[in-house]
Amino acid sequence: MVVKTVELPLAQQEDVVAVRQSTRSLAVEIGLTIVDQTKIVTAASELARNTVVHGGGGKVTLEVLKETSKQGLRLIFEDTGPGIPDLERAMQDGYTSAGGLGLGLGGSRRLCTDFAIESKVGVGTRVTIARWKV
């Protein structure tokens, strides 16, 4: 069940900082360990940057989740950019479309408990990640 929602725009590089700060604040609020805080903030930063740079901007929705025996933090990144033509290739370490290290999507997936990506060429991309308090 979603118990708290925060929506932030992702239009420029400065918005990435706001996403990092909000993610850290909510991670602390639900009691994630410092290691889990760092993992979700790192993934959030990379995906926010991807949304701005590759997706042409969009938004992120941060959700505090509460289930019977656990709490978590879910982030949903959405853009209406060009989409990703080859998701399988884009998820591989070393693949880059912009001259970076090519660790963004795959690295973000490894840092999260849950990871899902949907993308359609010409429509946009939606990435959903979550980290649960263990």
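**Sheet and helix packing in the predicted model**

Leucine 8 stands opposite valine 60 in S2. This is a predicted model, in which local features need pLDDT of at least 70 and side-chain atom pairs count only at pLDDT 80 or more, while totals for chains, interfaces and linings use all residues. Residues are numbered from 1 along each chain as its sequence is written, and side-chain values use heavy atoms, with hydrogens and water left out.

S1 and strand S2 (residues 58–67) run antiparallel, joined over eight bridges; for two strands to count as paired, DSSP has to find at least two bridges between them. Strands (E, at least two residues) and helices (H or I, at least four) are simply DSSP runs, numbered from the N terminus. Zooming out, five strands make up an open sheet with antiparallel pairing, in the order S1-S2-S3-S5-S4. Strand S1 (2–10) and strand S4 (114–120) sit at the edges with a single partner strand each, so one side of each has no neighbour in the sheet. From one strand to the next, the twist averages 10°.

Two helices pack on this sheet. H1 touches S1, S2 and strand S3 (70–79), and its direction makes about 165° with that of S1. H2 touches S1, S2, S3 and strand S5 (124–132), its direction making about 175° with that of S5. Contact here means heavy atoms within 4.5 Å; angles run from 0 to 180 degrees between N-to-C directions, with axes fitted to C-alpha atoms, for helices over the stretch in contact.

The helices also pack on each other. Helix H1 (residues 13–29) meets helix H2 (residues 34–53) at an angle of about 155°, their axes 9 Å apart. That makes H1 roughly antiparallel to H2 (over 145 degrees, by the cut-off used). The H1 and H2 crossing is right-handed, i.e. the near helix is turned clockwise from the far one by less than a right angle. Among the contact residues are Val16, Val19 and Arg20 of H1 and Ile40, Val41 and Ala44 of H2. By class, this H1 contact with H2 splits into 11 nonpolar, five polar and three charged residues (Ala, Val, Leu, Ile, Met, Phe, Trp, Tyr, Cys and Pro are nonpolar; Asp, Glu, Lys and Arg charged; the others, Gly among them, polar).

H2 has another helix partner in helix H4 (residues 104–111), packed at an angle of about 150° with the axes 9 Å apart. H2 and H4 are therefore roughly antiparallel to each other, and their crossing is left-handed. Here Lys39, Thr42, Ala43, Glu46, Leu47 and Asn50 of H2 meet Gly104, Leu105, Ser108 and Leu111 of H4. The H2 contact with H4 comes out as four nonpolar, four polar and two charged residues.

How values were computed:
Parallel < 35°, antiparallel > 145°, perpendicular 65-115°, else oblique.
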